[in-house]
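Take a walk through this structure, one region at a time. Keep the sequence and the 3D view side by side as you read.

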Amino acid sequence: MKNIRIGTRDSQLAMWQAEWVQSQLTELYPHLNFELVSMKTKGDKILDVPLSKIGDKGLFTKELEQGLLNGELDMAVHSLKDMPTLLPPGLIISAFCEREEPRDVFLSRNGVPIEDLPEGAIIGTSSLRRKSQLKHYRPDLNFMDLRGNLQTRWRKLQESDMAGIVLAAAGVKRLGWEERITQILPEDMMLSAVGQGSIAVEIDEKRSDIAELLSGLNHIATEKAVKSERALMRKLEGGCQVPIGALGQVVEGEIILRGMVASLDGTRLIKAEAKGTDPESVGIEVANRLIELGANSILAEIR
């Protein structure tokens with residue numbers, strides 16, 4: 001029986017995602033053996049510093065990508081939102097798995113939604129994208145940096161004076177925590193991270209055998225939506241370090257993409273939208289509209 005090695009980070013959520021890919025592939029190819037190989041990435045090891053201050057793209061992907069390039073792994077499973085928009089030479093995303101709920105959720109300590117929190121309430125998040133949008137919506141809120149896996153963040157909420165924490169809905173749902181969700185944050189309050197909610201499977205571009213195995217996992221509507229988001233991000237040269245939000249949706253074959261750039265203090269927040277059928281051109285069009293509205297000066301200040 002041929003052994004195919006699937007690389008993954010070793011956090012509970014990353015393992016869930018890799019096990020899901022493993023089970024889908026085992027169902028499609030019962031004669032093959034799919035083995036999980038877990039690794040710690042730089043982003044898993046540095047937990048006392050906000051991602052924006054580490055300033056390194058590929059924090060959660062580099063070690064896995066090295067494993068692909070040196071032949072230790074046959075494929076690597078990632079949260080797409082962790083992947084830089086420019087991949088290392090020789091690597092490609094072979095499957096964009098069907099997207100889970102792409103929005104963010106608020107897990108409140110006392111079941112109080114964000115709009116009803118008392119003045120000065122503390123929200124836990126290290127994401128500049130989340131902070132800047134919430135500061136725009138509620139300038140009176142305070143923030144506490146929060147890193148670590150979802151279990152760690154939930155524990156810190158219980159042990160602190162935070163009013164609640166903001167997380168990606170997809171991860172919360174995948175861990176079966178739906179009952180902990182106080183509210184799904186609407187798009188007018190919070191635009192998602194690029195690629196949020198989709199699992200991506202990365203391979204060496206020469207491995208046509210692995211690409212063929214993964215073809216059954218690729219979801220075309222998700223691929224179009226997230227490629228438009230990634231094109232926007234690439235044009236704006238964004239990463240974990242900048243407050244950029246984007247959400248693409250495919251409606252009757254057409255991509256509708258909304259994008260957002262905000263200043264760190266939330267005082268300036270610009271949005272743009274475009275429609276079309278080609279993901280790359282839709283993404284670039286929204287990015288150009290944001291640039292016309294002043295995105296470059298906002299991003300230059302942050303960098």
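E252 counts as exposed, at 82% relative accessibility. Here exposed means over 50% relative accessible area, buried means under 20%, and partly exposed lies in between, with a 1.4 Å probe and protein chains only. E252 sits in the loop between β11 and β12. Its phi is positive, about 50°, although E252 is not a glycine. Most residues other than glycine have a negative phi.

A word on the source. This is a predicted model, in which local features need pLDDT of at least 70, side-chain atom pairs count only at pLDDT 80 or more, and totals for chains, interfaces and linings use all residues. Residues are numbered from 1 along each chain as its sequence is written, and side-chain values use heavy atoms, with hydrogens and water left out.

Helices (H or I, at least four residues) and strands (E, at least two) are DSSP runs, numbered from the N terminus. Two strands pair if DSSP finds at least two bridges between them.

β11 and β12 (residues 254-262) pair in the antiparallel sense over eight bridges. G245 has M260 in β12 as its bridge partner. Now widen the view. Three strands form an open sheet in the order β11-β12-β13, and the pairing is antiparallel. β11 (244-251) and β13 (269-276) each have a single partner strand, so one side of each is left without a neighbour in the sheet. Neighbouring strands of this sheet are turned by 10° against each other on average, direction ignored. For such angles, axes are lines fitted to C-alpha atoms, for helices over the stretch in contact, and angles run from 0 to 180 degrees between N-to-C directions.

Helices pack on this sheet. α10 touches β12 and β13, and its direction makes about 150° with that of β13. Contact means heavy atoms within 4.5 Å. Helix α11 (residues 295-302) touches β11, β12 and β13. The direction of α11 makes about 50° with that of β12.

Next comes a sheet of five strands. Its order is β2-β1-β3-β10-β4, it is open, and the pairing is mixed. β2 (33-39) and β4 (91-96) stand at the edges with a single partner strand each, so one side of each lacks a neighbour in the sheet. Neighbouring strands of this sheet are turned by 30° against each other on average, direction ignored. Helix α1 (residues 12-28) packs on the sheet and touches β1, β2, β3 and β10 (199-204). The direction of α1 makes about 165° with that of β2.

What pairs with β3 in this sheet? Strand β1 (residues 3-9) pairs with β3 (residues 75-79) in the parallel sense over two bridges. G7 has A76 as its bridge partner in β3. β10 pairs with β3 in the antiparallel sense over four bridges. There, S79 stands opposite I199.

How many of the five residues of β3 are buried? Five of the five are, so β3 is largely enclosed by the rest of the structure. In a regular strand the side chains alternate between the two faces of the sheet. Both faces of β3 are covered, with M75, V77 and S79 buried on one side and A76 and H78 buried on the other.

Follow the chain on from β3. L87 lies in the loop between β3 and β4. L87 is partly exposed, with a relative accessible area of 23%. Not counting residues up to four places away in sequence, L87 touches E65, I92, I93, E202 and R230. K62 is 25 residues from L87 in sequence, and the two are 9.8 Å apart in space, C-alpha to C-alpha.

β4, α9 (220-236) and α10 (279-292) each give two or more of them. α9 gives the most, with five residues. By type, the lining divides into six nonpolar, three polar and five charged residues. Ala, Val, Leu, Ile, Met, Phe, Trp, Tyr, Cys and Pro count as nonpolar, Asp, Glu, Lys and Arg as charged, and the others, Gly among them, as polar.

End at R130, in helix α5 (residues 128-137). Is R130 buried or exposed? R130 counts as buried, at 6% relative accessibility. Not counting residues up to four places away in sequence, R130 touches D104, T125, R153, V166, L167, A168, M190 and Q196.
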